[in-house]
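Subject: Structure handover

Hello,

Here is the structure for your files.

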Amino acid sequence: MNTKKVTRAGAVSIPVGIRREMNIQAGDALDVEAGGGFILVRPHLPRCVFCSGTEDVALYMGKGICRLCAGNAGKEHGNGKQEDAGRKRD
């Protein structure tokens, strides 16, 4: 067991052995949750902004999009027209 102190800024460092074991690199995003008397820290899984799925998610312009939603993005809708992204046309 590792014992760590909380800094004045509220930070807690993760021991290097744990970072190596979990393949956590500097700058990686982590999810932090509390419940049941524990604080849970785990690597962040990006979610799709459309379906909230976590499988096959890639980042595009800082947003997560899964392979299925990316494939559906350009398909036609029931009215035969592609959805307009709100852009004004000349």
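Predicted model: local features only at pLDDT ≥ 70, side-chain atom pairs only at ≥ 80, totals over all residues.

Residues are numbered from 1 along each chain as its sequence is written, and side-chain values use heavy atoms, with hydrogens and water left out.

Helices (H or I, at least four residues) and strands (E, at least two) are DSSP runs, numbered from the N terminus. Strands β1 and β2 pair in the antiparallel sense over six bridges; pairing requires that DSSP finds at least two bridges between two strands. Within this pairing, Glu33 stands opposite Leu40 in β2. The hairpin of β1 and β2 has two residues between the strands, and Gly36 takes a positive phi near 65° there.

Salt bridge. The criterion is a side-chain nitrogen of Lys or Arg within 4 Å of a carboxyl oxygen of Asp or Glu. One salt bridge is counted by this rule. Arg42 pairs with Glu33, and their closest N and O atoms are 2.4 Å apart. In general, side chains of opposite charge can pair when their charged atoms come close. For accessibility, buried means under 20% relative accessible area, exposed over 50%, and partly exposed in between (1.4 Å probe, protein chains only). Arg42 is partly exposed at 37%, and Glu33 is partly exposed at 40%.

Nonpolar patch. Leu30, Val32, Ile39 and Val41 make up a nonpolar patch on the surface, together giving about 370 Å² of accessible area. The elements contributing two or more residues to the patch are β1 (30-35) and β2 (38-43). Patch members have over 30% relative accessible area and no salt bridge, with nonpolar side chains (Val, Leu, Ile, Met, Phe, Trp, Tyr) joined within 5 Å and like charges within 9 Å. Areas come from the Shrake-Rupley method with a 1.4 Å probe, and for residues only the protein chains shown count as cover. Val41 is in strand β2 and is partly exposed, with a relative accessible area of 44%.

Positive phi in loops. Most residues other than glycine have a negative phi. Asn23 has a positive phi near 55°; Asn23 lies in the loop between α1 (16-22) and β1 and is exposed at 54% relative accessible area. Met61 also has a positive phi, near 55°. Met61 sits in the loop between β3 (57-60) and β4 (63-66) and counts as exposed at 71% relative accessibility.

Regards
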